[in-house]
Amino acid sequence: MSTGAVWQHALTTGVSTAAGVVAVVLAWHFAVRRIAARRRLAEWEREWARTGPKWRRHTA
């Protein structure tokens, strides 16, 4: 193998590894955000289930 081929292989491997790491980190980030949003929305639903009837009684 020539020196240029070795450098090309090393560069390709490094870029591919970096892209893979970025993809894993982004996937993890979006998964955590989605889980947090679902939990937050569930909490809001529970709070509204308790608060909503109180608001409805006062209107009329």
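In which helix is F30 found? F30 is found in helix α1. The model is predicted.

**Overall build**

The secondary structure is quickly told. The protein has 1 helix and 0 strands. Helix α1 covers residues 3–58. The protein counts 60 residues.

The dimensions come next. Along its principal axes, the C-alpha trace spans about 85 × 15 × 5 Å. The radius of gyration of the protein is 26 Å, whereas a compact globule of 60 residues would have one near 10 Å. A pair of leucines gives another view of the chain. L41 and L11 lie 30 residues apart along the chain. Their C-alpha atoms are separated by 45 Å. L41 is itself found in helix α1.

**Surface**

How much of the protein counts as buried? The share is 2% of the 60 residues. The accessible surface of the protein comes to about 5800 Å². Carbon and sulfur atoms account for 66% of that surface.

F30 returns here. Together with V22 and L26, F30 forms a nonpolar patch on the surface. The three residues have about 290 Å² of accessible area together.

| Residue | Relative accessible area | Class |
|---|---|---|
| E47 | 36% | partly exposed |
| L41 | 48% | partly exposed |
| R50 | 52% | exposed |

The cut-off explains the classes. R50 counts as exposed because its 52% is over the 50% limit.

**The salt bridge**

Side chains of opposite charge can pair when their charged atoms come close. How many salt bridges does a search of the whole structure find? The search finds 1.

The partners are E47 and R50. Their closest N and O atoms are 2.2 Å apart. That pair counts as a salt bridge because the cut-off is 4 Å.

Where do the two residues sit along the helix? E47 and R50 are 3 residues apart in helix α1, so about one helical turn separates them.

Methods. Residues numbered from 1 in each chain as written. Predicted model: local features only at pLDDT ≥ 70, side-chain atom pairs only at ≥ 80, totals over all residues. Heavy atoms only, no water. Salt bridge = Lys/Arg side-chain N within 4 Å of Asp/Glu carboxyl O. Helix = DSSP H or I, 4+ residues; strand = E, 2+ residues; numbered from the N terminus. Buried < 20%, exposed > 50% of the residue type's maximum accessible area, 1.4 Å probe, protein only. Rg over C-alpha atoms; globule rule 2.2 N^0.38 Å. Areas by Shrake-Rupley, 256 points an atom, 1.4 Å probe, with all protein chains shown as cover. Patch = residues over 30% accessible without salt bridge, like charges linked within 9 Å, V, L, I, M, F, W, Y side chains within 5 Å.
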